[in-house]
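Here is a short note to read with the structure open. Please go through the points in order and find each item on screen.

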Amino acid sequence: MPPLIDEVLHTSPTQRPLNYDSPLALKAFLDAQGLGMRKKFGQNFLINPEARKILLDALEIGPGDGVWEIGPGLGAMTWGLLERGVQVKAFEIDPGFIRVLTDFFGAHPRFCLVPGDVLKTWPHAGEEGYMLGNLPYTIGSRLLGAFIEGNRFFKRMVVMLQRELVQRIGARPGSKDYSSFSVLCTSAYTIKPLKIVKGSSFYPVPHVDSQGLRLDLRTDVDPRSYPLGFRPLVRQLFASRRKTIKHNLYNFVVSYILQGVGTGAEAGYITEEALERCGIPGNNRAETLGLEAFVALATVLEDIGLVR
Ligand code: SAM
């Protein structure tokens, strides 16, 4: 039976709606549409086809897979996703881009658009397994943090971020870039930094370099199974980087566990007890602790019935 015309058009598209590699073509298109680029939405189109291919390849997706695309812009990577036969759910905030995306892909059976601020829309958007985004620098870390803290886990995420943020996420214990965000991300994902991309690969050219990042959901742990106080504990232990673990843990015990109603002596006792049970030297700083140490501390606090 011959394929339906719709199938030919939409499952094997042969023509891109725009020349996504040319700043001149993009500018001319935006002008013709009466649109401009908005700094407040972190709008920098990825005009380097090789970099786009690296991100798309890293996602390792194929027909039948469902992908969330965050910030599709005019659809440069949306196009690549549809070419690969996947189901695309695209989250875009800019009303002008939403209009263009609807014109380009609205009739496509594997395309669905979620208009608005992804930080607000994602909790109601379903459960597809993959995520791709040349993320606006304005929301990159907030969005990844919100997904992890909101227990919204993807089998794999591939994102483009500011280079400094990628370094921070992939940092190892003991290094200056190691932070609560590194611990949060590695508690759920294995981290693979991808290619560093210069500003000239974007239109308009941003002031900073960017870098791709692949995050694969860990299979050796269930990220939903960490002790209840684990994430607040990690944040608190890094809250004052120059202070010792003991100092920051004491503050955590006072504020999170005793909620300000216990005595200082009680908090001191709990702090000492927890550190001793985990074999953690209280005079070190949090940046020396690996993920396992944070988990051990949170587990002890839960075991002694203090975090429920
Ligand atoms: N994907 C396109 C590309 O690679 O060329 C555009 C990437 S551009 C860095 C970021 C995109 O995210 C823009 O389209 C911007 O309008 C959109 N965006 C910014 N903040 C957003 C938010 N809070 N929710 C949804 N989309 C957002």
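1. The model is predicted. Helix H10 covers residues 230–237, and seven of its eight residues are buried, so the helix counts as mostly covered under the cut-off of under 20% relative accessible area.

2. For the overall picture, the protein chain contains 13 helices and nine strands. Its C-alpha atoms fill a box of roughly 75 × 45 × 30 Å along the principal axes. Of the 308 residues in the chain, 49% are buried. Taking contacts in the chain with a separation of 6 or more, 69% come from residues 24 or more positions apart.

3. Two helix pairs deserve a look. Two packed helices are described by the angle between their axes and the distance between the axes. Helix H3 (residues 49–59) and helix H4 (residues 76–83) have axes that come within 11 Å and cross at roughly 40°. H3 and H4 are therefore oblique to each other, and H3 passes H4 in a right-handed crossing. On the H3 side, Arg52, Leu55, Leu56 and Leu59 take part, and they meet Ala76, Met77, Gly80 and Leu81 in H4. Sorted by class, this contact has six nonpolar, one polar and one charged residues.

4. The second pair is helix H2 (residues 23–33) with helix H5 (residues 95–105), whose axes come within 12 Å and cross at roughly 105°. H2 and H5 are therefore roughly perpendicular to each other. H2 contributes Phe29, Leu30 and Gln33 to the contact, while H5 contributes Phe97, Arg99, Val100 and Phe104. By class, the contact of H2 with H5 has five nonpolar, one polar and one charged residues.

5. Is Arg156 buried or exposed? Arg156 is found in strand E6 (residues 156–162). With a relative accessible area of 9%, Arg156 is buried, because buried means under 20%. A polar atom of its side chain lies 2.8 Å from the backbone oxygen of Leu59. Leu59 also belongs to the H3 residues that meet H4. Leaving aside neighbours within four places in sequence, Arg156 is in contact with Ala58, Leu59, Glu60, Gly129, Tyr130, Met131, Arg214, Leu215 and Asp216.

6. The side chain of Lys176 makes a polar contact with the side chain of Asp177, at 3.5 Å.

7. One last distance can be checked on screen. How far apart are the C-alpha atoms of Lys176 and Asp103? They are separated by 47 Å, and the two residues are 73 residues apart along the chain.

Key
Residues numbered from 1 in each chain as written. Predicted model: local features only at pLDDT ≥ 70, side-chain atom pairs only at ≥ 80, totals over all residues. Heavy atoms only, no water. Polar contact = N/O pair within 3.5 Å; in protein donor to acceptor, adjacent residues only side chain to side chain. Axes fitted to C-alpha atoms, helices over the stretch in contact; angles between N-to-C directions. Helix = DSSP H or I, 4+ residues; strand = E, 2+ residues; numbered from the N terminus. Parallel < 35°, antiparallel > 145°, perpendicular 65-115°, else oblique. Left-handed = near helix turned anticlockwise from the far one by under 90°. Contact = heavy atoms within 4.5 Å. Nonpolar A, V, L, I, M, F, W, Y, C, P; charged D, E, K, R; others polar. Buried < 20%, exposed > 50% of the residue type's maximum accessible area, 1.4 Å probe, protein only.
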